[in-house]
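Trainee: I have a new model open. Please show me how to read it, one feature at a time.

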Amino acid sequence: MQQNHKKALQDPIFKILSDAASGLALESYVIGGFVRDYILDRGTHKDIDIVSIGSGIALAEKVASMLPGNPKISIFKNFGTAMLRHHDMELEFVGARKESYQRDSRKPIVEDGTLKEDQERRDFTINALALSLNKENFGDLLDPFEGVLDLDKKIIRTPLEPCVTYSDDPLRMMRAIRFATQLNFEIELRSLQAITENKERIKIISAERTVDELHKIMACEKPSIGFSLLHNTGLLDYILPELTALEGIEEVEGQRHKDNFWHTLEVVDNIAQTTDDLWLRWAALLHDIGKAPTKKFSKKVGWTFHGHEFVGSKMVYKLFKRLRMPLNDKMKFVQKMVLMSSRPIVLAEDFATDSAVRRLVFDAGDYVEDLITLCEADITTKNPRKQKKYKNNFKLVRAKIVEVEERDHIRNFQPPVSGEEIIKTFNLKPSKEIGIIKAAIKEAILEGEIPNEYQSAYEYMLELGKNMGLSIINEKKR
Ligand code: CTP
């Protein structure tokens, strides 16, 4: 029996679309994500894709002329698409195609397909569902490839032979994995095999499109589903070889290190439970990448990864550059997290002294809470006793940060006594003594020997000067 989903099309925009299509005698359908998410009850999809059996651009023009304010249309002639915004919705218009549906392909587009031809050239059966906008069957579902059944069975399946669908647009290999992660679906076995066979073709996809999918995987509740699939199909070797280099456990003379790849995925899942911040999630993904190039074994100390945080933070820059990710403060944030990723762990292993916490706040500045969040996520030990101890210790560290902050205002530290004042007091020429005094004052504050305030720092400076054999030329009146 024909299913009808008029309810999905209650927004007045669909009546306008239907009237416009009927005025042009242009068979038209809502297709793709909107229909899929409606049937899955995932909330309203704000991007609405409309396919017409004929010119999508003509329909867009007609719709715009019927909307209040006559909104501007963006027309992409080469792709035969048009887009307009209405309230919080983005309407995308396209003519049905016989050939692959590729928005940013440089290949000439082939139009004039039937609805079914268009549907079979789409990526997945669950994305090929169409709802009629035509007067005679408004709201009817057209599902020639049993997409609804796949939604029910939670399966990602291509309408055509998987190799055909994936070679039409290799990005779809990543889309399959992204949808599997977002929806918690299985990728059909044939499809998974086709991805593995065609993995190398991901190389022809632009970094921007690839990263877009990575971001979407990263934003999921359990990103490890996606990263495991990327890894198992071999795609990850092409996209993030720095990560796959972490896989494996080596054993020398009975000493083993942990598998840092699978550990990393656990960390990412952990952090996904506590933050939606995309860049903090990226930091979790990359926090150990320096471990592959720094791994060493010595008889004396076993496995070491000396300086992996520093090496890792340098690798972040290269990785961002290669993937054309922004080389801005987001990248700097990820670098800083990677660089400092081992610092709080030392505090969690032992009793955290005030001065150690003060130093951490001094070095991490405004990022200190994010850093602790990362380190909490980094606890993947299966030993319940250790797990409890680390978690508790981090709680104490968090409390101590607040306490130390209230008292000492170390975050975004500004030296309480300026270089100029040091020069004036001891009548110095610019010289290394100034730096020495400044550093010593900072150390005294971080060590808790003096509070972070002007008068104490000033007196401490006089004392220091005296010990260095400097004469006090201009002493401030007390
Ligand atoms: N599509 C496709 N192949 C692609 C990209 C898109 O076949 N490489 C088709 C699918 O039918 C998809 C529709 O175009 O449903 C719209 O694509 P897009 O907006 O990227 O995805 P949505 O399915 O709307 O899902 P989401 O917005 O959640 O990414």
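**Reading the model step by step**

Mentor: Start with the layout. The centres of domain 1 and domain 3, taken over C-alpha atoms, are 70 Å apart. Keep in mind that this is a predicted model.

Trainee: Into which domains is the chain divided?

Mentor: Domain 1 covers 6-152, domain 2 covers 154-239, and domain 3 covers 419-467.

Trainee: Next, burial. How do I read whether a residue is buried or exposed?

Mentor: Look at its relative accessible area. Under 20% is buried, over 50% is exposed, and in between is partly exposed. P12 sits in helix α1, residues 12-23.

Trainee: And L149: in which helix is it found?

Mentor: L149 is in helix α5, residues 147-153. Its relative accessible area is 42%, so L149 is partly exposed.

Trainee: How does V346 come out, buried or exposed?

Mentor: V346 has a relative accessible area of 53%, so it is exposed. V346 belongs to helix α18.

Trainee: Which residues of α20 are buried?

Mentor: They are V368, L371, I372, T373, L374, C375 and A377.

Trainee: Which helices do the buried residues of α20 pack against?

Mentor: The list is α13 (260-272), α14 (278-286), α17 (329-340), α18 (343-349), α19 (354-364) and α21 (384-408). Find each one on screen, then take the pairs in turn.

Trainee: How do I read a helix pair? At what angle do α17 and α20 pack?

Mentor: Read the angle and the distance between axes together. For α17 and α20 the angle is about 55°, and the axes are 10 Å apart. The two helices are therefore oblique to each other. Their crossing is right-handed.

Trainee: Which residues make the contact between α17 and α20?

Mentor: From α17 come F333, M337 and M340. From α20 come D370, L371 and L374. By class, five residues of this contact are nonpolar, none is polar and one is charged.

Trainee: Now α14 and α20. At roughly what angle do their axes cross?

Mentor: They cross at roughly 45°, and the axes come within 10 Å. That angle makes α14 oblique to α20. This crossing is right-handed.

Trainee: Which residues of α14 and α20 make that contact?

Mentor: α14 brings L280, A283 and A284, and α20 brings D370, T373 and L374. The contact of α14 with α20 has four nonpolar residues, one polar and one charged. Note that D370 and L374 of α20 take part here, and they are also named in the contact with α17.

Trainee: Which residues of α7 and α10 are in contact?

Mentor: On α7, they are M174, I177, A180 and T181. On α10, they are P223, I225, G226, L229, L230 and T233. The classes are seven nonpolar, three polar and no charged residues.

Trainee: What about backbone angles? What is phi of N184 near?

Mentor: Phi of N184 is near 60°, positive in a residue other than glycine. N184 lies in the loop between α7 and β9 (186-187). E253 is another case, with a positive phi of about 45° although it is not a glycine.

Trainee: Where does E253 lie?

Mentor: E253 is in the loop between β10 (251-252) and β11 (255-256). Its relative accessibility is 53%, so E253 counts as exposed.

Trainee: One last reading. How many residues apart in sequence are L149 and T125?

Mentor: Always set the chain separation beside the spatial one. L149 and T125 are 24 residues apart in sequence and 9.3 Å apart in space, C-alpha to C-alpha. P12 and I75 are 63 residues apart in sequence, with 23 Å between their C-alpha atoms. For V346 and N383, 37 residues apart along the chain, the C-alpha separation is 18 Å.

Key
Residues are numbered from 1 along each chain as its sequence is written. This is a predicted model: local features need pLDDT of at least 70, side-chain atom pairs count only at pLDDT 80 or more; totals for chains, interfaces and linings use all residues. Side-chain values use heavy atoms; hydrogens and water are left out. Buried means under 20% relative accessible area, exposed over 50%, partly exposed in between (1.4 Å probe, protein chains only). Helices (H or I, at least four residues) and strands (E, at least two) are DSSP runs, numbered from the N terminus. Contact means heavy atoms within 4.5 Å. Domain bounds come from an automatic or database domain assignment. Axes are lines fitted to C-alpha atoms, for helices over the stretch in contact, and angles run from 0 to 180 degrees between N-to-C directions. Angles under 35 degrees count as roughly parallel, over 145 as roughly antiparallel, 65 to 115 as roughly perpendicular and the rest as oblique. A crossing is left-handed if the near helix is turned anticlockwise from the far one by less than a right angle, and right-handed if clockwise. Ala, Val, Leu, Ile, Met, Phe, Trp, Tyr, Cys and Pro count as nonpolar, Asp, Glu, Lys and Arg as charged, and the others, Gly among them, as polar.
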